[in-house]
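My entries are below, in the order I made them.

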Amino acid sequence: MRIAVDAMGGDFGPRTTVRGVAQALAANAEYSATLFGPSDALYPFLEALPDSLRDARERMSLVHAEHVVGDDVRPSRVLRAPDTSSMHQCLLALSDGRAQACVSGGHTGALMALARHYIGMSAGLERPAISAAIPSERDGRCYMLDLGANVDSPPRNLAQFARMGAAMASIVDGLACPRVALLNVGVEPGRGERRVRDVDALLRSSPSSGFDYVGFVEGDAIFSGKVDVVVCDGAVGNVVLKSSEGLARMLGQRLHQTFEHSWRTRLVSLLARPALSRFREELDPVRYNGASFLGLAGTVVKSHGGADARGFSFAVRRAALEASQRLPERLSEWLVGE
């Protein structure tokens with residue numbers, strides 16, 4: 001399983017991507033990776049890897065890519081730019097079969113535009129959607145899409161996203177009939193903006209045997225465990241995701257401050273340490289880093305731009321998992337047979 005990595009993407013570039021890739025490869029001996037970026041920028045971080053990651057280092061190769069796609073670039077411009085950037089070369093490797101998946105923490109719009117150009121869409125789908133798993137009650141998770149690939153999506157695309165999300169939950173989690181809902185300002189019929197009501201009408205007029213459409217839900221239902229897939233426009237989904245990440249971090253910090261308040265609370269903290277560690281692990285946004293570009297004909301995963309090395313390693317692992325499960329092909333087959 002070879003993963004192509006845009007090593008220059010994200011806020012910290014190779015300082016986090018190189019170590020993150022090594023950590024992901026150390027967790028599975030069947031993974032290997034090709035890192036794309038300026039050689040003089042990548043080699044120092046590769047050589048600085050500790051001895052504990054030596055085996056992973058042997059499964060990492062570098063390919064020189066002269067340029068870097070900036071955070072301020074317009075997607076239309078990046079399509080006309082020379083294909084010498086790390087993001088271009090990473091996706092080209094996936095396109096021509098030198099890799100089975102691609103990971104980048106770079107500019108989301110540029111990544112989507114280049115992925116559509118080089119990889120293409122699965123048959124019958126018009127736009128990709130960014131999807132990520134969000135922790136929910138009862139040790140479950142809820143797939144949410146779109147998380148920012150598209151803004152102001154028309155109803156027919158949102159209806160396609162509902163089917164794509166259901167396919168994801170069915171293939172990855174083995175759910176026989178995923179529960180799918182639309183995010184709205186209320187659950188009553190007729191509530192919300194016109195576009196959301198039109199999507200509701202489309203899903204009700206063409207019922208599916210592959211998933212259970214439950215109608216509208218409000219924001220709290222994302223974490224309730226009552227639904228498996230929540231669909232919304234990319235602008236809304238991105239705000240919900242970033243707000244959730246911020247809330248999780250704040251809860252962790254407040255919990256730490258509370259238990260450090262006095263010697264009594266510190267004693268309680270020592271006694272409750274196993275439970276507290278499990279709580280922090282379950283809510284840690286880093287564990288859920290790595291959002292899938294559903295609808296593409298190949299596996300492309302977007303890492304959070306601010307992810308550290310550990311967070312980037314989770315994005316690499318997600319990409320490898322989806323590629324090993326043949327998610328794009330199975331998603332296309334699921335949609336055709338649905």
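Entry 1, ground rules. I noted that this is a predicted model, in which local features need pLDDT of at least 70 and side-chain atom pairs count only at pLDDT 80 or more, while totals for chains, interfaces and linings use all residues. Residues are numbered from 1 along each chain as its sequence is written, and side-chain values use heavy atoms, with hydrogens and water left out.

I found S170 in helix α7, residues 155-173. Helices here are DSSP runs of H or I with at least four residues, strands are runs of E with at least two, and both are numbered from the N terminus. Is S170 buried or exposed? S170 has a relative accessible area of 18% and is buried (buried is under 20%, exposed over 50%, partly exposed in between, with a 1.4 Å probe and protein chains only).

I then listed its contacts, meaning heavy atoms within 4.5 Å. Leaving out residues up to four places away in sequence, S170 touches L175, P178 and W334. The S170 side chain also reaches the backbone oxygen of L175 at 3.3 Å.

I traced an open sheet of eleven strands with mixed pairing, in the order β3-β2-β1-β4-β11-β10-β5-β6-β9-β7-β8. Two strands pair if DSSP finds at least two bridges between them. At the edges stand β3 (60-64) and β8 (212-217); each has a single partner strand, so one side of each is left without a neighbour in the sheet. On average, neighbouring strands are turned by 25° against each other, direction ignored.

I looked up how α7 sits on this sheet. Helix α7 packs on the sheet and touches β5, β6, β7, β9 and β10, and its direction makes about 150° with that of β6. Axes are lines fitted to C-alpha atoms, for helices over the stretch in contact, and angles run from 0 to 180 degrees between N-to-C directions.

Which residues of β10 are buried on each side? A291 and F293 are buried on one side, S292 and L294 on the other, and both faces are covered. In general, side chains of a regular strand alternate between the two faces of the sheet.

β5 and β10 run antiparallel and are joined by three bridges, with A129 having L294 as its bridge partner. β10 also pairs with β11 (residues 299-302), antiparallel over two bridges, and S292 stands opposite V301. β10 and β11 form a hairpin with four residues between them, and G295 in the turn has a positive phi of about 105°.

Definitions and conventions
A polar contact is a pair of N or O atoms within 3.5 Å; within protein, one must be able to donate a hydrogen and the other to accept it, and residues adjacent in sequence count only if both atoms are side-chain atoms.
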